[in-house]
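Please read the following briefing alongside the sequence and the model. It is arranged by topic, with cut-offs given where a term is first used.

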Amino acid sequence: MLARSLSQVATSFGGFLVTSVAVYVLLGVSVWMALPLLPLAAGFLVRIFIIQHDCGHGSFFRSRRANNILGSICSLMTLTPYAFWRRQHARHHGSWNNLDRRAASGLDIYSSCLTLTEYVQLGSWRRRLYRLAYNPVVSHLMLPPLVFFLLYRVPFDAAKEWRRERRAVYVTNLALACFIGGLGFIVGFGRIAAVQVPIMVVASIIGVWLFSIQHRFEHTSWASEAEWSFTTAALTGSSYLRLPRILQWFSGNIGFHHVHHLSSRIPNYRLEECHNALPDLQAAPILTLRSAIGTLRHALWDEQLGRMVRFPECEQRGGSRYLLRHARTR
């Protein structure tokens with residue numbers, strides 16, 4: 001386990017460092033020569049985030065201290081305060097796809113949703129705002145960079161008793177200021193912005209997409225508290241995102257999300273092994289790269305149909321009264 005963890009650290013951080021340095025060098029020659037390396041560097045950054053994610057679950061190393069140290073180092077690359085995100089993410093693992101515990105996940109538009117009935121009972125302006133927030137251009141292109149650059153700089157959505165996590169946000173900000181400040185004096189702040197900002201933008205978009213589609217696909221399952229089951233939610237409310245091997249490597253096997261939710265203490269490099277070893281795990285809903293892109297517009301849970309649906313087209317034809325009558329008769 002230790003050897004595989006250290007190997008993943010070496011390839012992820014090493015790959016990110018090499019590609020980033022190459023971008024800095026090529027930028028001085030030609031922007032067009034540097035441009036193709038930006039997605040590659042973003043891929044390594046996504047992989048570093050997966051390591052941070054595993055450290056937060058205590059699965060990357062056996063040592064809790066080692067997990068916390070490495071997770072904190074990762075946060076300087078991902079701009080994500082480690083202790084704060086760890087606790088925030090733990091709420092997700094305690095309430096995912098549970099209709100009665102959606103409030104427990106906080107301000108999470110990526111793995112939560114409204115039911116169709118709840119949506120049509122909103123006022124017209126609130127429906128418009130909800131549609132805007134869940135529009136793929138907004139939720140998966142515009143918001144992800146803002147989350148990592150701005151939102152993670154403050155302890156948003158944090159309970160009052162999260163004193164340690166709130167403090168960790170500001171400590172991370174201070175560490176980032178020192179790190180970026182030192183690097184800026186060496187290579188120049190303009191060059192840092194020209195290289196690291198585009199890499200972070202691409203990585204944030206990819207990372208948010210990878211996590212959000214794991215629960216908000218058409219044939220996922222949501223249940224009330226009385227009917228919710230941990231095992232059922234893991235195997236039917238989480239997906240198996242079957243990616244090409246190279247993309248699976250860069251995404252740190254997060255596509256085996258059903259296995260991860262069944263046991264978050266399994267390190268990412270063993271998720272596929274567990275999936276292949278147990279036939280029951282292979283019955284999880286399968287998404288491909290193509291079908292996963294199509295799930296971005298599924299933003300409402302239809303309790304009658306038992307699946308995620310897109311925003312109803314009838315809203316444009318008949319208004320809220322027709323919508324409400326339509327929902328009641330489904």
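The points below cover aromatic contacts, salt bridges, the sheet, a pocket and some single residues.

This is a predicted model, in which local features need pLDDT of at least 70 and side-chain atom pairs count only at pLDDT 80 or more, whereas totals for chains, interfaces and linings use all residues. Residues are numbered from 1 along each chain as its sequence is written, and side-chain values use heavy atoms, with hydrogens and water left out. Helices (H or I, at least four residues) and strands (E, at least two) are DSSP runs numbered from the N terminus.

**Aromatic rings and charges over rings**

- The structure holds 21 aromatic pairs, where rings of Phe, Tyr and Trp (its six-membered ring) pair if their centres lie within 6.5 Å, and planes under 30 degrees apart count as stacked, over 60 as edge-to-face and the rest as tilted.
- One of these pairs joins tryptophan 228 to phenylalanine 230 in an edge-to-face arrangement, with 6.5 Å from centre to centre and 80° between the planes.
- Phenylalanine 230 counts as partly exposed because its relative accessibility is 37%, on a scale where buried means under 20% relative accessible area, exposed means over 50%, and partly exposed lies in between (1.4 Å probe, protein chains only).
- One aromatic cluster is formed by Phe49, Phe84, Trp85, Phe148, Tyr152, Phe156, Trp162 and Phe211.
- The charged end of arginine 47 sits over the ring of tryptophan 249, 3.7 Å from the ring centre; the criterion is that NZ of Lys or CZ of Arg is within 6 Å of the ring centre and within 35 degrees of the ring normal.
- Arginine 128 likewise has its charged end over a ring, that of tryptophan 125, at 5.1 Å from the centre.

**Salt bridges**

- A search of the whole structure finds six salt bridges, each defined as a side-chain nitrogen of Lys or Arg within 4 Å of a carboxyl oxygen of Asp or Glu.
- Among them, arginine 102 and glutamate 118 meet through their side chains at 2.7 Å, N to O. This pair links distant parts of the chain, 16 residues apart, with arginine 102 in the loop between helix H5 (82–93) and strand E1 (114–115) and glutamate 118 in helix H6 (residues 116–120).
- Arginine 102 counts as buried at 17% relative accessibility, whereas glutamate 118 counts as partly exposed at 27%.
- Glutamate 218 forms a salt bridge with arginine 307, the closest N and O atoms being 3.2 Å apart. Here too the pair links distant parts of the chain, 89 residues apart, since glutamate 218 lies in the loop between helix H10 (189–212) and helix H11 (230–236) and arginine 307 in strand E5 (residues 307–309).
- Glutamate 218 is partly exposed at 27% relative accessibility, and arginine 307 is partly exposed with a relative accessible area of 25%.
- The side chains of glutamate 273 and arginine 270 also meet in a salt bridge, at 3.1 Å from N to O; glutamate 273 is partly exposed at 40% relative accessibility, and arginine 270 is partly exposed at 36%.

**The sheet**

- Three strands form an open sheet in the order E1-E4-E5 with mixed pairing, two strands being paired if DSSP finds at least two bridges between them.
- E1 and E5 stand at the edges, each with a single partner strand, so one side of each is left without a neighbour in the sheet.
- Strand E4 (residues 300–302) pairs with E5 in the antiparallel sense over three bridges, and the bridge partner of tryptophan 301 is methionine 308 in E5.

**Single residues**

- Asparagine 97, found in the loop between H5 and E1, has a phi near 55°, a positive value in a residue other than glycine, and counts as buried at 2% relative accessibility.
- Aspartate 157, in the loop between helix H8 (136–149) and H9, also has a positive phi near 55° and is partly exposed, with a relative accessible area of 23%.
- Arginine 166 has its place in helix H9 and is partly exposed at 27% relative accessibility; arginine 166 and arginine 191 are 25 residues apart in sequence and 31 Å apart in space, C-alpha to C-alpha.

**The second largest pocket**

- The second largest pocket is lined by 23 residues, of which Phe16, Leu76, Phe179, Leu183 and Gln196 lie nearest its centre. 
- A pocket is an open set of points, on a 1 Å grid over the protein atoms alone, where a 1.4 Å probe fits, with protein on both sides within 12 Å along at least five of seven lines; lining residues have an atom within 4 Å of a point.
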